[in-house]
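This briefing is about how two chains sit against each other. It also looks at one residue in its surroundings.

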Protein chains: 2
Amino acid sequence: MIRTAVPVSNRRSRKTAARRREILRGAAAAFREHGIQGAGMREIAEAADLSPANLYYYFASRDEILFFCQDDALDRMLAAVREARSRHDSHAERLRAVIEVQVLCMLQDLEGGAAHLEVDLLPKSLRARIVAKRDRYEREIRAIVRAGVRARELVDCDVALVTRAILGAVNWTARWYAPQGPKPPAAIARAFSDYLVRGLIR
Amino acid sequence: MIRTAVPVSNRRSRKTAARRREILRGAAAAFREHGIQGAGMREIAEAADLSPANLYYYFASRDEILFFCQDDALDRMLAAVREARSRHDSHAERLRAVIEVQVLCMLQDLEGGAAHLEVDLLPKSLRARIVAKRDRYEREIRAIVRAGVRARELVDCDVALVTRAILGAVNWTARWYAPQGPKPPAAIARAFSDYLVRGLIR
């Protein structure tokens with residue numbers, strides 16, 4: 001069984017979720033060293049500085065870690081969409097805020113590891129849930145761009161293709177980002193949102 | 001031994017290169033069906049409608065196919081940079097032309113297969129050659145953007161990060177493109193170059 005929806009009202013569950021995110025950062029090191037497919041629970045426990053028994057308390061399998069990693073990031077990205085809608089009236093501002101959160105989701109948890117994106121490594125049933133959530137996120141971004149075009153705040157464009165260009169630019173950061181590189185995630189988030197929104201402003 | 005640099009002055013070699021590209025398109029089907037790691041020479045020969053012996057005449061191994069795929073695309077992308085420099089004075093036009101060729105390279109040969117990008121699947125010695133060529137391409141794009149910024153034709157921006165956003169958006173097309181989808185590669189190339197260059201024009 002995969003443990004996913006942690007009720008946020010529950011303080012203990014929130015602590016568990018926070019602990020699971022910490023483990024994820026440890027797992028990132030194992031993924032980088034051994035490859036996502038090569039890192040087993042033993043390597044992940046070692047990299048996260050946990051006993052295997054302790055790791056199994058939080059995650060039943062490597063698949064569960066991979067699922068949590070992708071699912072949790074998507075949840076935060078979808079939350080960012082809701083927040084952007086309530087906080088900003090301008091579609092450009094909404095888009096800018098959402099792009100920044102997505103860059104941070106890509107680069108912070110796994111320090112740019114590609115585990116976020118390796119949906120094909122998940123077992124089929126879990127994969128379907130991630131793909132559905134990812135599609136929902138893409139629809140949300142498309143809706144922001146489309147609304148901005150309709151309101152004549154953003155330039156007329158192929159909304160679906162522009163959305164994919166944005167998502168591609170952001171997703172690809174996970175492929176090149178290096179924690180020891182010259183730019184921290186926040187600077188990358190800012191540069192990306194500036195550039196990617198600028199191409200749409202009238 | 002990996003056969004790479006085909007002297008273009010030689011008509012027979014040109015024919016060989018063309019034949020090898022045809023085989024690549026066949027290999028794309030095998031890669032899609034069996035995965036890049038799962039497709040062996042037998043599956044590739046079958047998908048390319050060749051006898052294994054005939055396939056071995058053109059490629060000594062699956063690694064050689066993967067190398068040719070990436071190397072050939074990079075050669076054409078670098079040729080596009082040279083052509084853009086000689087044909088256009090405007091940096092924006094140069095960038096637009098280069099982005100369009102890169103999208104076409106991504107989407108045409110392998111119909112969007114990710115084989116272009118899976119540099120990590122290559123044996124180490126071949127990988128180093130591709131990484132060097134890919135870095136050269138990235139430097140060329142960066143140089144176009146930087147020259148445009150210096151000439152005050154393009155907006156002041158973080159040249160390295162904008163270059164990576166562009167390359168990411170384009171590379172990611174290989175992940176979502178479907179040959180049976182609604183947009184042909186040329187339309188995607190145009191939409192991408194419009195959007196990605198627009199974000200830089202003053």
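The model is predicted. Chain B can be laid on chain A with an RMSD of 0.0 Å by a turn of 180° and a shift of 0.0 Å along the axis. The two copies are thus related as by a two-fold rotation axis.

**Symmetry**
- G199(B) is the residue of chain B that comes closest to the rotation axis, its C-alpha lying at 1.7 Å.
- Because 100% of the interface residues of chain B are also interface residues in chain A, the copies meet through the same surface.

**Interface extent**
- Chain B brings 27 residues to the contact and chain A brings 28 residues.
- About 2500 Å² is buried between the chains, and carbon and sulfur atoms give 64% of that area.
- L161(B), W172(B) and Y195(B) supply 30% of the area that chain B buries against chain A, more than any other three residues.

**Polar links and make-up**
- Two salt bridges are counted between chain B and chain A.
- In a salt bridge, the side chains of D158(A) and K183(B) meet at 2.3 Å, N to O.
- Six residue pairs are in polar contact across the interface.
- On the side of chain B that touches chain A, α7(B) gives the most, with 11 residues.
- By class, that side has 17 nonpolar, four polar and six charged residues.

**I188(A)**
- I188(A) lies in helix α8 (residues 185-198) of chain A.
- With 1% relative accessibility, I188(A) counts as buried.
- Beyond its neighbours within four places in sequence, I188(A) is in contact with residues including V103(A), W176(A) and, from the other chain, L161(B).

Conventions: Residues are numbered from 1 along each chain as its sequence is written. Chains are lettered from A and ligands numbered from 1 in the order in which they are written. This is a predicted model: local features need pLDDT of at least 70, side-chain atom pairs count only at pLDDT 80 or more; totals for chains, interfaces and linings use all residues. Side-chain values use heavy atoms; hydrogens and water are left out. Copies are superposed by least squares on the C-alpha atoms of residues with pLDDT of at least 70 in both. Contact means heavy atoms within 4.5 Å. Helices (H or I, at least four residues) and strands (E, at least two) are DSSP runs, numbered from the N terminus. Buried means under 20% relative accessible area, exposed over 50%, partly exposed in between (1.4 Å probe, protein chains only). Buried area is the accessible area (1.4 Å probe) that two parts lose on being put together, summed over both. A salt bridge is a side-chain nitrogen of Lys or Arg within 4 Å of a carboxyl oxygen of Asp or Glu. A polar contact is a pair of N or O atoms within 3.5 Å; within protein, one must be able to donate a hydrogen and the other to accept it, and residues adjacent in sequence count only if both atoms are side-chain atoms. Ala, Val, Leu, Ile, Met, Phe, Trp, Tyr, Cys and Pro count as nonpolar, Asp, Glu, Lys and Arg as charged, and the others, Gly among them, as polar.
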